[in-house]
Amino acid sequence: MKLIFEKSRPGRRAGSLPRYDLPKAEVPEELARRTAPRLPEISEPELVRHFTALADRNFGVDTGFYPLGSCTMKHNPRVNERVVNLPGFRDLHPYQEEEASQGALELMWRLQEILAEVCGLQAVSLQPAAGSQGELTGLMLMRAYFADRGEAEQRRVVITADTAHGTNPASVAMAGFELQKVETDERGNLDLDDLRAKVDGRTAGLMLTNPSTLGLFDEHIEEVSAIFHDAGALLYYDGANLNAVCGISRPGDMGFDIVHINLHKTFSQPHGGGGPGGGPIAVRDILEPFLPVPAVVCEGDEFRLDYDRPKSIGKVRGFCGPFGVFVRSYAYIRAYGPALREMSEVAVLNANYLLARLKDVYDLPFDRLCMHEFVLSARNLKREHGITALDVAKRLMDHGFHPPTIYFPLVVPEALMIEPTETEAKETLDEFADAMRAIADEAASDPQALKDAPHRRPVRRLDEVKAAKRAIVKYGFEEHPDLAPAPSGGAAVQAQKGA
Ligand SMILES: Cc1ncc(COP(=O)(O)O)c(C=O)c1O
């Protein structure tokens with residue numbers, strides 16, 4: 001496909017502006033342009049075709065099955081978009097006075113109440129913009145809680161599982177705690193002996209995803225919780241996998257004190273590619289005084305923002321958080337109503353159906369019923385035919401599927417982490433299972449076809465290191481990037497001129 005600059009012809013325009021009849025702005029000499037910018041010159045139909053062709057190459061939940069484990073890529077009901085576009089929500093200004101924003105405040109308050117109920121905890125802040133920011137906020141709450149008890153110097157260590165998502169250890173470090181890892185046992189649970197040896201008076205808390213990133217519910221969660229609470233520490237629940245348990249089991253009942261909820265996963269949202277997201281946190285009552293301000297509160301029939309929280313950790317995001325995300329998630333939850341449990345039940349059923357169809361052709365590191373996702377390993381294909389998880393993922397693209405998450409969690413070699421979600425039909429699951437099985441057969445019959453995949457995509461197998469290290473993000477009019485010498489390494493890898 002040609003670049004837009006290559007389609008450009010002098011004098012062509014996609015639109016015409018009225019003649020400029022206002023006084024010219026005074027621009028300081030040193031800031032003024034010497035020459036006009038070199039913008040692509042193109043007609044409107046060409047422009048529309050160009051960007052439509054680019055958009056067509058994109059893959060999303062609206063174009064195909066997207067079983068990206070841990071990311072919960074579910075269908076986004078269109079009614080959510082209608083609701084978020086209601087003028088009262090869409091045109092709301094963040095500085096609008098409270099009396100004129102009662103509907104929006106009520107929606108936020110109701111969402112808080114629902115999330116508190118789903119998590120089995122007492123208070124919620126909607127502010128954090130993503131799961132990772134929820135993690136940081138939750139750990140800041142932990143720090144504030146221990147500081148308030150005079151234990152800030154003593155409680156320095158936060159424990160994470162060796163299956164943890166990378167944001168967990170990153171958040172621990174950002175919040176100023178020391179990180180300690182606990183191992184996974186042979187059934188995919190936290191290793192209790194390892195845990196007992198590590199938890200003591202220096203421990204501030206645990207961060208755990210349950211079900212874990214292996215898609216397995218920890219069979220000893222009550223014991224885990226007792227180990228931490230007996231030591232005076234707190235438990236943090238990474239809610240990225242909440243889609244498995246809504247209405248079935250509640251993190252608060254399991255013993256967790258702080259939870260983040262990835263609204264953009266569990267409660268739908270057109271996400272991927274970086275946003276928009278929402279990462280509210282729910283906490284036990286002992287932590288409520290430390291939550292970010294403002295809190296959305298209800299007094300009688302009125303809703304207002306409460307800034308009068310002397311122990312609050314402050315603000316973690318502008319205004320009250322990502323409001324459009326709240327509206328969509330609220331609509332999604334209300335569409336299920338009291339049957340929210342069915343969402344998780346079907347997610348778990350779909351995952352177990354796929355697992356049952358695949359476990360005889362791929363290695364299954366932990367042979368248990370899974371929750372809403374499962375992790376297979378391509379190590380059998382690697383051992384027998386030299387085929388890796390990456391080869392399987394690339395070949396899946398030829399079958400029209402987005403690849404699953406690969407090489408994560410790190411404890412499983414050649415990992416393929418598959419999450420179908422509740423919104424997929426049995427036929428789609430069967431087509432995917434058929435493709436995965438065909439790929440396993442092909443590994444034996446024609447491994448080179450897998451090594452060279454994808455064959456039917458606009459872009460073939462990329463040099464991923466080059467793509468990351470030599471990202472070309474601007475058009476070099478005189479120089480072609482492929483003619484430039486490769487950088488010799490080192491830190492100062494420059495973006496190349498060119499397309
Ligand atoms: C297990 C787990 N924890 C935390 C996160 C971070 O969430 P977010 O992407 O919303 O920052 C993710 C994201 O994929 C995740 O899978």
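By class, 6 nonpolar, 7 polar and 1 charged residues line the largest cavity. Here Ala, Val, Leu, Ile, Met, Phe, Trp, Tyr, Cys and Pro count as nonpolar, Asp, Glu, Lys and Arg as charged, and the others, Gly among them, as polar. A cavity is a set of points, on a 1 Å grid over the protein atoms alone, where a 1.4 Å probe fits but cannot get out, and its lining residues have an atom within 4 Å of a point.

This is a predicted model, in which local features need pLDDT of at least 70 and side-chain atom pairs count only at pLDDT 80 or more, while totals for chains, interfaces and linings use all residues. Residues are numbered from 1 along each chain as its sequence is written, and side-chain values use heavy atoms, leaving out hydrogens and water.

**Cavities**

The model has 3 cavities of 30 Å³ or more. Of the 14 residues lining the largest cavity, Gly 188, Asn 189, Leu 190, Ser 212 and Asp 218 are the closest to its centre. The second largest cavity has among its lining residues Leu 214, Leu 355, Phe 366, Arg 368 and Phe 374. Its lining divides into 9 nonpolar, no polar and 1 charged. Two volumes, each the space filled by probe spheres set on the grid points, are shown here.

| Cavity | Volume |
|---|---|
| Largest cavity | About 80 Å³ |
| Second largest cavity | About 70 Å³ |

**Nonpolar cores**

A nonpolar core is a set of buried Ala, Val, Leu, Ile, Met, Phe, Trp, Tyr and Cys residues joined through side-chain atoms within 4.5 Å; buried means under 20% relative accessible area with a 1.4 Å probe, protein chains only. In the largest one, with 58 residues, Leu 115, Leu 195, Phe 228, Ile 261 and Phe 267 touch the most other members. Helix H5 (residues 102-119) gives this core its largest share, 9 residues. A second, separate core of 29 residues includes Tyr 362, Leu 376, Ile 418 and Leu 429.

**Strands**

Helices (at least four residues) and strands (at least two) are DSSP runs, numbered from the N terminus, and two strands pair if DSSP finds at least two bridges between them. Ile 406 stands opposite Leu 416 in E12.

Elsewhere, strands E8 (residues 295-299) and E9 (residues 302-306) pair antiparallel over 5 bridges. They form a hairpin with 2 residues between them, and Gly 300 in the turn has a positive phi of about 65°.

Conventions:
Buried < 20%, exposed > 50% of the residue type's maximum accessible area, 1.4 Å probe, protein only. 1 Å grid on protein atoms, 1.4 Å probe; cavity = no way out; pocket = protein on both sides within 12 Å on 5 of 7 lines; lining within 4 Å.
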